[in-house]
Amino acid sequence: MPRFLTLPDVAEILNVNVPQVRALVRSGELKGVQIGGRGMWRVEDVQLEAYIKRAYEETEKRINAGAEVEG
């Protein structure tokens with residue numbers, strides 16, 4: 001996997017759409033950087049892995065608290 005991923009790359013890995021990834025980056029939930037004059041967003045591979053790890057931890061907490069598993 002390359003060190004820096006485009007938003008479409010991240011969307012493909014997470015199996016979501018690009019606007020959802022853009023919202024995650026804008027909210028700060030997924031850390032990204034703007035590169036170049038046109039403000040192209042990139043997400044470092046370690047930041048994506050950290051986001052996925054946090055998502056697993058948060059999901060485990062919700063399940064342990066009795067949340068239903070859907071989807």
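This is a predicted model: local features need pLDDT of at least 70, side-chain atom pairs count only at pLDDT 80 or more; totals for chains, interfaces and linings use all residues.
Residues are numbered from 1 along each chain as its sequence is written, and side-chain values use heavy atoms, with hydrogens and water left out.

Let me begin with the whole chain. The protein chain has three helices and three strands, where helices (H or I, at least four residues) and strands (E, at least two) are DSSP runs numbered from the N terminus, and along the sequence they follow the pattern β-α-α-β-β-α. Its C-alpha atoms fill a box of roughly 45 × 20 × 20 Å, taken along the principal axes. Of the 71 residues in the chain, 20% are buried, with buried meaning under 20% relative accessible area, exposed over 50%, and partly exposed in between, for a 1.4 Å probe and protein chains only.

Now to the helix pair. The axes of helix H1 (residues 7-14) and helix H2 (residues 18-27) come within 8 Å and cross at roughly 105 degrees; these axes are lines fitted to C-alpha atoms, for helices over the stretch in contact, and angles run from 0 to 180 degrees between N-to-C directions. H1 and H2 are therefore roughly perpendicular to each other, a label that covers angles of 65 to 115 degrees. On the H1 side the contact (heavy atoms within 4.5 Å) is made by Leu 7, Pro 8, Val 10 and Ala 11, and on the H2 side by Val 18, Val 21, Arg 22 and Val 25.

Which residue in helix H3 shall we look at? I have picked Gln 47, which is found in helix H3. At 25% relative accessibility, Gln 47 counts as partly exposed. Leaving aside neighbours within four places in sequence, Gln 47 is in contact with Leu 30 and Lys 31, and the C-alpha atoms of Gln 47 and Lys 31, 16 residues apart along the chain, are separated by 6.1 Å.

Finally, the largest pocket. Helix H3 (residues 45-64) gives the most to its lining, with eight residues, and the lining residues, which have an atom within 4 Å of a pocket grid point, include Leu 14, Glu 29, Tyr 51 and Arg 62.

Notes: On a 1 Å grid over the protein atoms alone, a cavity is a set of points where a 1.4 Å probe fits but cannot get out, and a pocket is an open set with protein on both sides within 12 Å along at least five of seven lines; lining residues have an atom within 4 Å of a point. Angles under 35 degrees count as roughly parallel, over 145 as roughly antiparallel, 65 to 115 as roughly perpendicular and the rest as oblique.
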